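Please look over the sequence and the model shown here before reading on, and keep both in view. The paragraphs after them are meant to be followed with the structure at hand.

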Amino acid sequence: MLSAGALTTPEKPLAVVSPKAPEGPVSRFAPGFAAKMNMVADLALVVAALLISTTMMGHDLHLERTDVWVLLGVGVVSWLVVGTALCLYDVRFADRERLDDLALISIQVMVVTVVLFLTRLVMGTESWIVALSLFPPLLWPSVALLRLNFFRKLSVQEQPLDEVLIIGVGAMGRLTGEDLGSKNRRKVIGYLGFSNESASATPPAPVLGSVKDLEHILCTVPVDEVYIAGNMLKHSAEMQAAVKLCENFGIPFALPAYHFRFDRARPVDDHAVSDGYLHFMTHAFQPHQMALKRLFDIVSSAAALAVLSPLLIGVALAVKFTSRGPIFFKQKRVGLHGKPFHMLKFRSMVVNAEELKAKLEALNEQTGPVFKMKNDPRITRVGRFIRKYSIDELPQLINVLRGEMSVVGPRPPIPSEVEKYAAWQRRRLSVRPGLTCIWQVSGRNQISFEDWMYLDMQYIDHWSLKNDINLILKTVPVVITGSGAS
């Protein structure tokens with residue numbers, strides 16, 4: 001934990017250097033790998049504990065019976081839902097205290113046991129063949145030991161989860177970067193210096209410029225959070241300007257929690273300032289609801305891909321045999337906090353559509369940086385039909401499954417559009433983009449770009465799971481009728 005009084009390293013003149021490739025071995029595991037493997041292992045343990053508990057209580061396993069499979073299914077589903085609601089499998093689970101993990105696991109086992117007992121009670125006497133007496137004592141230690149002794153250690157070997165920018169090249173900024181790097185959970189992409197500030201030593205990441213370059217950096221480099229490592233007495237005006245800019249862009253930021261030296265005093269809540277900073281977001285922080293939203297995205301996208309597979313195959317064949325070119329159109333889009341990804345669509349235009357777009361710019365019927373044209377000559381015959389009913393968007397369910405998109409959220413823009421955004425419009429990048437949002441159920445291409453942006457801000461500022469469900473229900477009739485599409 002950093003404190004202002006501890007930062008007394010002598011300073012030397014600031015030198016701006018160019019970004020360089022990270023040194024040292026690169027982790028084999030992507031962020032969240034340990035959490036996903038942990039969840040799969042725990043689900044297997046739930047099934048094993050139910051079966052072993054039943055045999056240990058003297059019952060024969062009648063796997064041909066429906067009630068046995070119903071209880072196994074309820075056990076798996078309830079464990080998944082409760083674990084998600086408790087954020088047990090959050091990608092940052094290893095940052096928790098070990099006792100906190102044990103407490104969450106204990107709650108999880110108790111809740112699932114109660115759900116199974118009530119389900120068995122409702123199903124009747126025949127379902128009592130599945131014994132629950134030894135289920136908690138078998139499940140709890142196996143889940144806890146695997147989490148504490150294996151998956152927490154595996155999580156530390158993952159690649160950094162977030163990319164952060166540090167403002168301040170003095171001792172506080174340098175030590176902040178070293179602290180974040182040592183935990184291997186956040187990658188410092190660079191530093192910006194305050195005016196009249198000198199570097200105390202060579203920082204652990206390149207110096208990209210001064211605090212005056214913050215807006216340019218946020219417009220060109222994906223940043224998950226900005227650490228403002230300044231001195232309130234010396235840099236208050238520049239710190240305030242940086243805060244305002246982060247708020248406009250919707251970028252999370254952190255401010256130093258301590259501006260005085262403490263010898264014995266300790267914060268009442270250590271977790272709130274575990275890295276010496278207070279963290280802020282521009283919209284309500286609802287981790288449990290967000291975890292359930294991600295679970296819904298995974299389940300719904302996987303189920304939709306399975307159910308719609310005949311339609312997807314049919315459309316793929318129609319696209320392939322009616323026009324020259326690939327089946328899918330991969331387009332670079334801008335996602336959460338400006339991170340680029342390739343969005344998938346069924347190809348609905350001719351192969352050289354992007355080249356022809358420049359010649360049609362004068363016929364653009366949409367205001368702002370977005371290009372929309374009702375009778376676009378680039379659209380194929382099949383393309384016109386699948387666009388009208390949003391069938392061309394169905395491959396984006398794969399983007400949802402990957403985590404690049406969500407079912408509900410602002411539509412992902414293309415980079416050239418984002419370059420023309422005003423600062424306040426870039427705040428729509430502060431949440432994961434989605435398949436549908438308020439714009440899709442409010443007239444789509446019939447409303448102006450400015451109103452579209454305001455609708456997205458309304459969604460971000462008032463987000464809830466209930467609102468997401470309402471938007472999904474409103475989207476279905478809009479898609480079926482093709483209302484507002486072009």
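Predicted model: local features only at pLDDT ≥ 70, side-chain atom pairs only at ≥ 80, totals over all residues.

Residues are numbered from 1 along each chain as its sequence is written, and side-chain values use heavy atoms, with hydrogens and water left out.

The mean pLDDT of the protein chain (pLDDT being the predictor's confidence in each residue, from 0 to 100) is 84, and 89% of its residues reach 70 or more. Over residues 1-25, however, pLDDT stays under 50, and for this stretch the model has 51 contacts beyond four places in sequence, where a contact means heavy atoms within 4.5 Å. The secondary structure of the protein chain comes to 15 helices and 10 strands; helices (H or I, at least four residues) and strands (E, at least two) are DSSP runs, numbered from the N terminus. Among these elements, helix 10 (residues 353-360) has the lowest mean pLDDT, 70, and strand 4 (residues 225-228) has the highest, 95.

Of the 486 residues of the protein chain, 45% count as buried, a term that stands for under 20% relative accessible area, with exposed being over 50% and partly exposed in between (1.4 Å probe, protein chains only). Among contacts between residues at least 6 apart in sequence, 75% join residues at least 24 apart.

Helix 2 has 20 residues and reaches 28 Å from its first C-alpha to its last, close to the 28 Å expected at 1.5 Å a residue, the expected span of a helix being 1.5 Å times one less than its number of residues. Its buried residues include Asp-67, Leu-71, Gly-75, Ser-78, Trp-79 and Val-82, and the buried residues of helix 2 pack against helix 1, helix 3 (98-123), helix 4 (135-156) and helix 8. Helix 2 is followed by Cys-87, whose phi is positive, near 60°.

Helix 3 can be read in the same manner. At 1.5 Å a residue, its 26 residues should span 38 Å, and the end C-alpha atoms of helix 3 are 38 Å apart, which agrees. Among the buried residues of helix 3 are Asp-101, Leu-104, Ile-105, Gln-108, Val-109 and Val-112. An α-helix has 3.6 residues a turn, so residues three or four places apart point the same way. The buried residues of helix 3 pack against helix 1, helix 2 and helix 4, and helix 3 is followed by Gly-124, whose phi is positive, near 110°.

Helix 8 (residues 287-307) has 21 residues and reaches 30 Å between its first and last C-alpha, close to the 30 Å expected at 1.5 Å a residue.

How many cavities of 30 Å³ or more does the structure hold? It holds two, and a cavity here is a set of points, on a 1 Å grid over the protein atoms alone, where a 1.4 Å probe fits but cannot get out, its lining residues having an atom within 4 Å of a point. About 50 Å³ of space lies in the largest cavity, a volume being the space filled by probe spheres set on the points, which are joined across faces, edges and corners. Residues that line the largest cavity include Leu-50, Leu-51, Thr-54, Val-68 and Leu-72. The elements that give two or more residues to this lining are helix 1 (33-56) and helix 2, and the largest share, three residues, comes from helix 1.

The second largest cavity holds about 40 Å³ of space, and among the residues that line it are Val-334, Gly-335, Pro-410, Arg-411 and Arg-428.

Two loop residues complete the picture. Asn-196, in the loop between strand 2 (186-193) and strand 3 (207-210), has a positive phi of about 60° although it is not a glycine, and Asn-196 is exposed, with a relative accessible area of 83%. Ser-390, in the loop between helix 11 (381-388) and helix 12, also has a positive phi of about 60° without being a glycine, but Ser-390 is buried, with a relative accessible area of 14%.

How values were computed. 1 Å grid on protein atoms, 1.4 Å probe; cavity = no way out; pocket = protein on both sides within 12 Å on 5 of 7 lines; lining within 4 Å.
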